[in-house]
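Thanks for coming. I will go through a pocket and a surface patch, in that order.

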Amino acid sequence: MNTKLFTSVKDASYQSCITSEKARDTASYILEIEPSFVDNASKEILAQIKEGQILRYGETHEPKYYVIADGNYVPADAKSKGAIKVDAYYAMSYSSQQFGQFKNEDPAKHGILKTIRDDINKYCSNRTRDLVSSCRRLIAERSGIKKERSATKSFAVFITEMMDTAKTRVKTAQSRGDETADAKKLSDAIKAFDKVWKV
């Protein structure tokens, strides 16, 4: 965590407001360009979004350098003779087909690229999820839909519903041939529980 980004809790709160506003503005722009983004985003839009995500990933992750020795990629300094720079742009410059071929043609290279590509894809997936969530919130806001919090159930209601669920599931489990599902034993256990619980 980079605490140097903030001067105080007050400043962190202020910056959080800016982040939220930017997220809303971004969602507004995306929905203006692609109204169906949340449910049916086009391949072209998704490709552009991923390009932007890779660009940002590259800005926040330092490149690594390797030299090839006996067919292996050995970590090296940027100034090392023959050093190969491996960053987000290099790792993602290969198509899925090209990358897949390296598994047999150049296993060492495939291993290096796979680590970076997997991390980038995870990053992009998380950022896309964030963007979709922002778009959903904006759509709900524009539609006047408010997320209402359901009233907290009493513990007694929870117990009753839990027992009802158990009765339903044991029947389902038995129909699947689950040998651990014993309806009679469950019934006896519930009766025993009720004797104590309902005193």
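Start with α1, which gives the largest share of the lining of the largest pocket, 6 residues. Helices here are DSSP runs of H or I with at least four residues, numbered from the N terminus. Before going on: this is a predicted model, where local features need pLDDT of at least 70, side-chain atom pairs count only at pLDDT 80 or more, and totals for chains, interfaces and linings use all residues. Residues are numbered from 1 along each chain as its sequence is written, and side-chain values use heavy atoms, without hydrogens and water.

The volume of the largest pocket is about 550 Å³. A pocket is an open set of points on a 1 Å grid over the protein atoms alone, where a 1.4 Å probe fits, with protein on both sides within 12 Å along at least five of seven lines; lining residues have an atom within 4 Å of a point. There are 16 of them, and Thr19, Arg56, Tyr123, Arg127 and Asp130 are the closest to the centre. At least two lining residues come from each of α1 (9-33), α3 (43-60) and α6 (107-143).

Now the surface. Phe155, Phe158, Met162, Phe193 and Trp197 make up a nonpolar patch with about 490 Å² of accessible area together. Areas are Shrake-Rupley values with a 1.4 Å probe. Two or more residues each come from α7 (155-175) and α8 (183-197), with α7 giving the most, 3 residues.

Note on methods. Grid points are joined across faces, edges and corners, and a volume is the space filled by probe spheres set on the points. Patches are made of residues with over 30% relative accessible area and no salt bridge: like charges are joined within 9 Å, nonpolar side chains (Val, Leu, Ile, Met, Phe, Trp, Tyr) within 5 Å. A salt bridge is a side-chain nitrogen of Lys or Arg within 4 Å of a carboxyl oxygen of Asp or Glu.
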